[in-house]
Amino acid sequence: MSDIASIARSGMAAAQTRLTAAAGNIANRESTDFRRFQVDSREQPGGGVSARLLRDAEPQSGDGLSTDLVYSIEARQAFAANVKVLKAQDELLGGLLDTRA
């Protein structure tokens, strides 16, 4: 995975995974034996990132609402940044095709 679009798409997928984790934590934080979702993100050789959901081994006590709200905002911003990368690449390719035509 080395082209810009693939890297941006992997970033969007990782952001979606982080948002899924935060949403699940917010929705289920009052549940009995609640175990938080965590996200394991790893850099990929050649560019990009992979992310997977993990569950805490032990039930959690306390309120992580503020943390999860911040994580959801971060995920939204990361997703939007990667969309901008895809749009910029599209514009550059469009300009290149116009020049060649």
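Is R29 buried, exposed or partly exposed, and what is its relative accessible area? R29 is partly exposed, with a relative accessible area of 29%; here buried means under 20%, exposed means over 50%, and partly exposed lies in between, with a 1.4 Å probe and protein chains only.

The model is predicted, so local features need pLDDT of at least 70 and side-chain atom pairs count only at pLDDT 80 or more, while totals for chains, interfaces and linings use all residues. Residues are numbered from 1 along each chain as its sequence is written, and side-chain values use heavy atoms, with hydrogens and water left out.

**Salt bridges**

Side chains of opposite charge can pair when their charged atoms come close. A salt bridge is defined as a side-chain nitrogen of Lys or Arg within 4 Å of a carboxyl oxygen of Asp or Glu. The structure holds four salt bridges, including those in the table.

| Pair | N to O distance |
|---|---|
| R29 and E30 | 3.3 Å |
| D40 and R42 | 2.9 Å |
| D40 and R52 | 3.2 Å |

D40 takes part in a salt bridge with R42 and in another with R52. D40 belongs to strand β1 (residues 37-43) and R52 to strand β2 (residues 49-55), so their pair ties together parts that are 12 residues apart in sequence. Through shared partners, D40, R42 and R52 are joined into one network of salt bridges. Strands are DSSP runs of E with at least two residues, and helices are runs of H or I with at least four, numbered from the N terminus.

**Aromatic rings**

The charged end of R55 sits over the ring of F37, 3.9 Å from the ring centre. This description requires NZ of Lys or CZ of Arg to be within 6 Å of the ring centre and within 35 degrees of the ring normal.

**N82 in helix α2**

N82 is found in helix α2, which covers residues 65-100. With a relative accessibility of 17%, N82 counts as buried. Apart from neighbours within four places in sequence, N82 is in contact with I7, A8, G11 and M12, where contact means heavy atoms within 4.5 Å.
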